[in-house]
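Welcome! Please take a first look at the sequence and structure below, and then we will walk through some charged side chains together.

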Amino acid sequence: MSGASTSVSSGGSFLGRAGPLVLARLFTAGLTLSIPLVLARVLRLDEYGTYYQLFLIATTLYYVLPFGVVQSLYYFLPRAAQKRPYLGQTLLFMSAAGVVGAAIVWGLLGPLAAWFSNPALLEYRAPLALYTAFLLGSFPLEVSLTAQGRTRASAVVYLVSDGLRAAVMVVPPLWGASLHGVMVAVAFFAALRYAATWLVVFRGVSGPLVDRALFRGQLAYAAPFGAAMFLAIPQQNAHLYVVAGAVAPALYALYRVGCFQLPVVDLLYTPTSEVLMVRLGELEREGRLEEGVEAFREAAGRLAYVFLPFAAFLFAAAPEFIGALFGEKFLPAVPVFRVSVLGVVLSILPMDGTLRARGLTRAIFVSYAVKAAVTVPLVLLGVHFIGLMGGIGSWAVAELVGKVLLLRRVPEALSTPRLALGIRDVIPWKALGRASLAAGAAALGVFALRAGARGAWGQLPEGFFWRVLPLLVAGLLYVTGYLVALRFAGVRPFAVLAGLRARRAV
């Protein structure tokens, strides 16, 4: 990869496919972001901790129970002559997974409430079970469209779905509804989404609803990745469960704010990785797999120019960020937050999508198994001896170990009989170096600003604008510094960002 400008011109049509998904998620991110921010102000601290515990349970099941079947659509649909069987059997499988998820919520919420020392969780058993069931059942909605190359339709679905979800979680509490009312509202939303899934995904496809032979092949492909999710999601959430069992709900609320991230990774990494999977499948079908390494480096390079400065800014401006979004009572979460932003940096290389696209899902399982083995002793000892910082520190170490293991297999996934690759060949070194230097220089400006303006910030009047003003000033300084530093490094930053716009595929 010779530089930003080359990357823009050589592969714009590929990343342009991800553009509608990126823009749709960007538009709804503000609405989705409002959920924890609004609830942080209208709920008591212990209720806010309860809210996070409820959705911790639901999201754990949401990512574990699909067993990789939904994600397998990215592999099979681009290669399938008849797509309807894959869609039908995936929807039926996920409907059954939803029933299992609801049963798990109903049966295990009592023991979890005892583990969390929070008996109030039992008041939400019914709405949480319904929400989990319907959300799992509707999991294939956007994936099925993206895997067919219908990124614009998928973007529209993201807009509508995320917008409605934000509305049902923000409007009721603003009107005085309790947390129980919020849970009832999101359960109703999930039911509507499940019905919409069955109406949307089968349009324009042919074939029987289920094909047993195809389903066996789909399960065989999905099983290693599904088994990896059984390890990965509990491993990733282990620190959340251990901290929740070790501290009161109010202190857990502080920890979750420290773990809070703006959805920039999901906005950019997920659609870019999804489109990369589809692109690698097309290249394989066309006998042009040698071009896969260029697609990987291009995607990783674009992500580097966004993720590295984003993480550096959040690290440098952590006090201003937490204070503006959540209020001064959450400032004790700043140290945890600074460690958690390292996860953004670790998301630059779209490795798991690349391995899934090439059928190397067992490598993902191995990496997750090692991460789980590392996490369990680390998080238990870390929380016991260090407290909250031990929890987030154990997560960071395990994530780094897992990424290193995945990176070792990426060259194999992108190599061909005519092109043998090593780790050095797949990493976009120039993009990483330029983005790192520019982000570091801009971050130093934010630290200098805080040191010089600390007295002035303390004298600001009360009110939303004045609470946000330090973050706005720091952000303006940082963006200006980053763009200027990129120009000095020979990078046209707006040309890089233009690669994320939707273009017609050639």
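How many salt bridges does a search of the whole structure find? The search finds 14, where a salt bridge is a side-chain nitrogen of Lys or Arg within 4 Å of a carboxyl oxygen of Asp or Glu.

## Before you start

This is a predicted model, in which local features need pLDDT of at least 70 and side-chain atom pairs count only at pLDDT 80 or more, while totals for chains, interfaces and linings use all residues. Residues are numbered from 1 along each chain as its sequence is written, and side-chain values use heavy atoms, leaving out hydrogens and water.

## Pairs across the chain

Glu 142 and Arg 193 form a salt bridge at 2.7 Å, N to O. Glu 142 sits in helix α6 and Arg 193 in helix α8, 51 residues apart (helices are DSSP runs of H or I, at least four residues, numbered from the N terminus). Both Glu 142 and Arg 193 are buried, meaning under 20% relative accessible area, with exposed over 50% and partly exposed in between (1.4 Å probe, protein chains only).

Arg 358 pairs with Glu 284, their closest N and O atoms being 3.3 Å apart. Arg 358 lies in the loop between α16 and α17 and Glu 284 in helix α11, so the pair ties together parts 74 residues apart in sequence. Arg 358 is partly exposed at 24%, and Glu 284 is partly exposed at 34%.

## A buried Asp without a bridge

Asp 352, in helix α16, is buried yet has no salt bridge. The nearest side chain of opposite charge, Arg 356, is 4.0 Å away (Lys and Arg count as positive, Asp and Glu as negative; His and the chain ends are not counted).

Key
Helices (H or I, at least four residues) and strands (E, at least two) are DSSP runs, numbered from the N terminus.
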